[in-house]
Amino acid sequence: MKPYDYLILGAGWGGLTAASLLAKAGHTVAILEAHDRAGGCGHTFVRNEFSFCAEMQYLMECGPGGVVQQWLTTLDLQDQIEFNAFDPDGYDRIELPDFSFRIPNDPHRFQEALRVAFPEEKEKIDALFTVLFDIASELEGRAFDVMHFQSNPFHFKNTVLYGPWSVRRVFNHFDLSPRLRAVLAGQCGDIGLPPRDEPFLCLQAILFGYCQSAHFPRKGMGHFVDCVLDQIRRHRGEIHFETPVTGIQREGDRIVRVLTPQGVFTARTVISNIDPATTMSMIEGASVPTYEQSASCFSVFLGLDIDLGERGFGRHNIWHYPSADLDAALDRTMNEHSYEDPFFFLSTPSLYTDPGILAPLGSTTVQICVASNFDYFEEAMHKGTHETEKTRITAEILRAIEKRLIPDLGRHCVVKESWSPVDLARHTGLARGGMYGARLDFLNRVLRRVSPQTAFENLYLTGATAGGPGLQGVVAAGTRLVETLLAPLRGDST
């Protein structure tokens, strides 16, 4: 086949970011995607009249000046892809058996809301938020880079001191009460790490990231992906679906061919959005990076014939926990594989978009996610018990939803589909169903950090593991990579 300037392996968000910017800059680009649609964990699928996004329920950095908004402006898509902001008075709702808390959309407002809810701990809350704000000031949008911080440790003193600590260790340091801990760490299920393992830096990034920008596309994630694909095609870029990469051939320190069942592809430069370890294992003699994958999740997709907006639901997510001990709550599903009255994350995406986009008027889409163990379901697949386990777990999760939130759920459910972590990996291409690529702890995300640059002069990596987690992290990393690649062509010595 004809050679391209750039060959992109995988149409996840890292691949889409790189391909769109390179095509816009006038380069010949081709994307090879194993599946029949683009978007990776953000792809859309339809069941009856209901549309669901695989794994993206709300997004950061989509407001004015945000990383995602800057990318879309560069592509001239800012008027085609618009976003709805979540409820400013509570974009996330933390639900405990005897306590409910709504997280507002500004860190200062969040701090004040905590002071009101926990008056006896005002001084502790202020001390903790002083550290959170100091870290935000020190980072100023930077990724956590040990080498960079070591060169100027006094400027990054709070980041270096508290960043690698676990959330539980920081909470112990400030002597916070169990209920306050549960509220502050209530979004830990987002990354599948309990407070004893979650780095404090992750907590800071999640709290401040969503507090400043919790959004969802007005016309849904499917429209978002379609607009980016159309932009790539308008600039003569190509997308080859159902074209899995089966081999990557080298000659010395250069990649010369990419093998697929549909033929051989060549390019001056190759950018892989495939998991880095998987990518390098396809190259004879290449060094394969070592890291653990992030947690996976068990997902239930529902289409209801009622409007949950009339029952108090809206543009907010719900984090429900059976007790204030979040370590124990996540252990029950991830380690003990028990889903009776589990912790769960519940979103209603059709209420986040404009009416009638994801569900018929008067109906609602619901997505429930529970952090889960990939190995357990892979073993069940080998034993032949996978479907039985899926049925059991789905029933237990739905009983919990009926008990806690929607008593007549079963009567109004017209669409129901469940994905185990194994299904998630198959549908999205995520290695071992890892929601964020490499596990988001200090060892795997920092000490074993994967560089976008490889030992091969024309092979680069992008995506969550070689960039940053979440849409905003992947887009930011893809943008930086393209700037690095195009700088010599523009005569930019920097």
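Before looking at any helix crossing, I note how axes work here: they are lines fitted to C-alpha atoms, for helices over the stretch in contact, and angles run from 0 to 180 degrees between N-to-C directions. Helices (H or I, at least four residues) and strands (E, at least two) are DSSP runs, numbered from the N terminus.

I am working on a predicted model, where local features need pLDDT of at least 70, side-chain atom pairs count only at pLDDT 80 or more, and totals for chains, interfaces and linings use all residues. Residues are numbered from 1 along each chain as its sequence is written, and side-chain values use heavy atoms, with hydrogens and water left out.

**Entry: α13 and α16**

I looked up helix α13 (residues 374–383) and helix α16 (residues 421–428), whose axes come within 7 Å and cross at roughly 90°. The two therefore count as roughly perpendicular (65 to 115 degrees; under 35 is roughly parallel, over 145 roughly antiparallel, and the rest oblique). On the α13 side I find Phe374, Phe377, Glu378 and Met381 in the contact, and on the α16 side Pro421, Val422 and Ala425; contact means heavy atoms within 4.5 Å. Sorted by class, that gives 6 nonpolar, no polar and 1 charged residues. For the classes, Ala, Val, Leu, Ile, Met, Phe, Trp, Tyr, Cys and Pro count as nonpolar, Asp, Glu, Lys and Arg as charged, and the others, Gly among them, as polar.

Then I checked how covered α16 is. I get 6 of its 8 residues buried, where buried means under 20% relative accessible area, exposed over 50%, and partly exposed in between (1.4 Å probe, protein chains only). Those residues are Pro421, Val422, Asp423, Leu424, Ala425 and Thr428. They pack against β14 (296–304), β17 (364–372), α13, α14 (386–404) and β18 (413–419). Just after the helix, Gly429 has a positive phi of about 85°.

**Entry: His43**

Where does His43 sit? I find His43 in the loop between β2 (29–32) and β3 (44–47). With a relative accessible area of 5%, His43 is buried. Not counting residues up to four places away in sequence, His43 touches Arg37, Ala38, Phe52, Cys53, Ala54, Trp419, His427 and Thr428. Thr428 of that list is one of the buried residues of α16. The His43 side chain also reaches the backbone oxygen of Gly40 at 2.7 Å. I count such a polar contact as a pair of N or O atoms within 3.5 Å; within protein, one must be able to donate a hydrogen and the other to accept it, and residues adjacent in sequence count only if both atoms are side-chain atoms.

**Entry: Thr333**

Thr333 belongs to helix α12 (residues 326–334). At 0% relative accessibility, Thr333 is buried. Its side chain reaches the backbone oxygen of Ala371 at 2.8 Å. Neighbours within four places in sequence aside, Thr333 contacts Ser338, Tyr339, Pro342, Phe343, Val370, Ala371 and Ser372.

**Entry: the open sheet**

I traced an open sheet of 5 strands, in the order β9-β2-β1-β13-β19, with parallel pairing; two strands pair if DSSP finds at least two bridges between them. Its edge strands are β9 (238–240) and β19 (459–461), each pairing on one side only. Neighbouring strands are turned by 20° against each other on average, direction ignored. Strand β1 (residues 4–9) and strand β13 (residues 267–272) run parallel and share 5 bridges, with Tyr6 opposite Thr269. Helix α18 (residues 470–486) packs on the sheet, touches β1, β13 and β19, and makes about 155° with the direction of β19.

**Entry: two hairpins**

Strand β6 (residues 92–96) pairs with β7 in the antiparallel sense over 5 bridges, and 2 residues lie between them in the hairpin. Arg93 has Arg102 as its bridge partner.

Strands β10 (residues 247–251) and β11 (residues 254–260) run antiparallel, joined by 5 bridges. Ile248 is partnered with Val258. With 2 residues between the strands, Gly252 takes a positive phi near 65°. Gly247, also in β10, is buried at 7% relative accessibility. Beyond four places in sequence, Gly247 contacts Arg257, Val258, Leu259 and Met282.
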